[in-house]
Amino acid sequence: MAVVTPRVFVSHLAGIAVFDPNGDQVGRLRDLVALLRVGDRPPRLLGVVVEVISRRRIFVPMTRVTGVESGQIIITGVVNMRRFEQRTSETLVLGELLDRRVRLVETGEEVTVLDIGITQLPARRDWEIDKVFVRKGKGGALRRKGEVLTVEWSAVTGFSLEEHGQGAESLLATFEQLRPADLAGVLHHLSAKRRAEVAAALDDDRLADVLEELPEDDQVEIIGKLKDERAADVLEAMDPDDAADLLSELPEEEKERLLALMRPEEAADVRRLMAYEERTAGGLMTTEPIVLRPDATVADALARVRDPDLSPALAAQIYVCRPPDETPTGKYLGLVHFQRLLRDPPFTLVSSIADTDLPALPPDTPLPEVTSYLAAYNMVAAPVVDEGGALLGAVTVDDVLDHLLPDDWREDGLHGSAAAGLTGDRHAGERADGR
């Protein structure tokens, strides 16, 4: 009787949980590492890239993978927790093979790779790529109308050639449900070429959210490869404080050019933030907190808090101010915590329940004092008020943490030494030959 070997398409594996033999989650799968071979021999899978809880990415060889099942991967043994670094001979299946344009050997027709099928060799732990799911026709916006088919790896050619202008639609589809911080992790670990292609394929709002989660070097690289008009649109979609931080990293000429292309009101907020020292309340604050007039009701406040585009920290409290409602506002009167809004009737005026005793921060308050303020009053955000009593913005705890953590925390995390008990050194030859 013929042995039936399992086959899995890699789009179904993106982001699934990885467990140890005891059932404890180690992390999530972010990619697969393959070794392309000469001729039409199917590529062999060397291992998987797993993002552990600290957001560090590690390499787990396929010999440590004991199960690839619906919704989960099981690994065993001792693995190296050293950060994964791609070697020149290796290819990332999700990051580099999806969306490639290759040709059918039989007809020479150009096709676009939508998915990759992998299979386990009989009676062994080795896995290889054996199927390619493709769509006929050239890449581009109309490619969805082409015929789709699944072919053997040997039936296509062109994977070994460097491709310029590779699309990103299929890659993004595999990570569609990722949070911005997790998608930022995917972009950070791609090559500069693929990073630019993926960024170009994201819509402005999604790219803005992802940029806010990337290290500064990646932000500068990506924004520098966008056309000026689109770069300005993305900056407008970012939180003003994050846009100000990014622009401050650019050369003066480029910074002014992009500010001139932004809408005047958006550019004004960013310029105002850039006027403050970086590690002060003014430099850390966002200029878009929830501001309500004294005659607004609890119902009005709750309606504003429900805005899905607000971060949890900004939605935690509203600021009561006299007109105008945009920062800098009229006289700042006090703030109302979200919990208080839940305890009072909807018709209650916010001015009657505002906390007027809590001091506000001047814009020149240094970072250590901002941190102490949040800790002392158990706050997730703090009002920033000028000498005239106008609300300038609010400092949120996430922005404070960004400046307290090490510069490379987004890349490495604070606790990258262990995960679920899987620590130790990998044998020198393990990754080279998969054993």
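Author: Gladly! Let us start with Ala 281, which has its place in helix α11 (residues 281-284). Please keep in mind that this is a predicted model.

Reader: Why does Ala 281 count as buried?

Author: Buried means under 20% relative accessible area. Ala 281 has 0% relative accessibility, so the residue counts as buried.

Reader: How far apart are Ala 281 and Val 400 in sequence and in space?

Author: In sequence, 119 residues separate Ala 281 and Val 400; in space they are 9.2 Å apart, C-alpha to C-alpha.

Reader: Now to the charges. What makes Asp 99 and Arg 194 a salt bridge?

Author: The cut-off is a side-chain nitrogen of Lys or Arg within 4 Å of a carboxyl oxygen of Asp or Glu. The side chains of Asp 99 and Arg 194 meet at 3.9 Å, N to O, so the pair is called a salt bridge. Asp 99 sits in the loop between α1 (93-97) and β9 (101-104) and Arg 194 in helix α4 (residues 192-201), so this pair ties together parts 95 residues apart in sequence. Both Asp 99 and Arg 194 are buried.

Reader: Which residue forms a salt bridge with Lys 136?

Author: That is Glu 147, with the closest N and O atoms 3.6 Å apart. Lys 136 belongs to strand β11 (residues 127-136) and Glu 147 to the loop between β11 and β12 (148-152), eleven residues apart, and the pair links distant parts of the chain.

Reader: How many salt bridges does the structure hold?

Author: There are 23 salt bridges in the structure. A network of salt bridges links Arg 30, Glu 51, Arg 57 and Asp 182.

Reader: Why is Glu 326 called exposed?

Author: Exposed means over 50% relative accessible area. Glu 326 has 62%, so it is exposed. Glu 326 lies in the loop between β15 (317-321) and β16 (332-337), and a negative surface patch includes Glu 326, with Asp 203, Asp 307 and Asp 398 also among its residues.

Reader: Which residues make the nonpolar surface patch?

Author: Val 380, Val 397, Leu 401 and Leu 404 make this patch of about 290 Å². One of them, Leu 404, is in helix α17 (residues 397-404). A patch residue needs over 30% relative accessible area; Leu 404 has 45%, which makes it partly exposed.

Reader: What makes β2 and β7 a pair?

Author: Two strands pair if there are at least two bridges between them. Strand β2 (residues 17-19) and strand β7 (residues 72-75) have three bridges, so they pair, in the parallel sense. Ala 17 stands opposite Gln 72 in β7.

Reader: In which sense do β6 and β7 run, parallel or antiparallel?

Author: Strand β6 (residues 65-69) and β7 run antiparallel, joined by four bridges. Here Glu 69 stands opposite Gln 72.

Terms used
Residues are numbered from 1 along each chain as its sequence is written. This is a predicted model: local features need pLDDT of at least 70, side-chain atom pairs count only at pLDDT 80 or more; totals for chains, interfaces and linings use all residues. Side-chain values use heavy atoms; hydrogens and water are left out. Patches are made of residues with over 30% relative accessible area and no salt bridge: like charges are joined within 9 Å, nonpolar side chains (Val, Leu, Ile, Met, Phe, Trp, Tyr) within 5 Å. Accessible areas come from the Shrake-Rupley method with a 1.4 Å probe; for residues, only the protein chains shown count as cover. Lys and Arg count as positive and Asp and Glu as negative; His and the chain ends are not counted. The place of a charge is taken as NZ of Lys, CZ of Arg, CG of Asp or CD of Glu. Helices (H or I, at least four residues) and strands (E, at least two) are DSSP runs, numbered from the N terminus. Buried means under 20% relative accessible area, exposed over 50%, partly exposed in between (1.4 Å probe, protein chains only).
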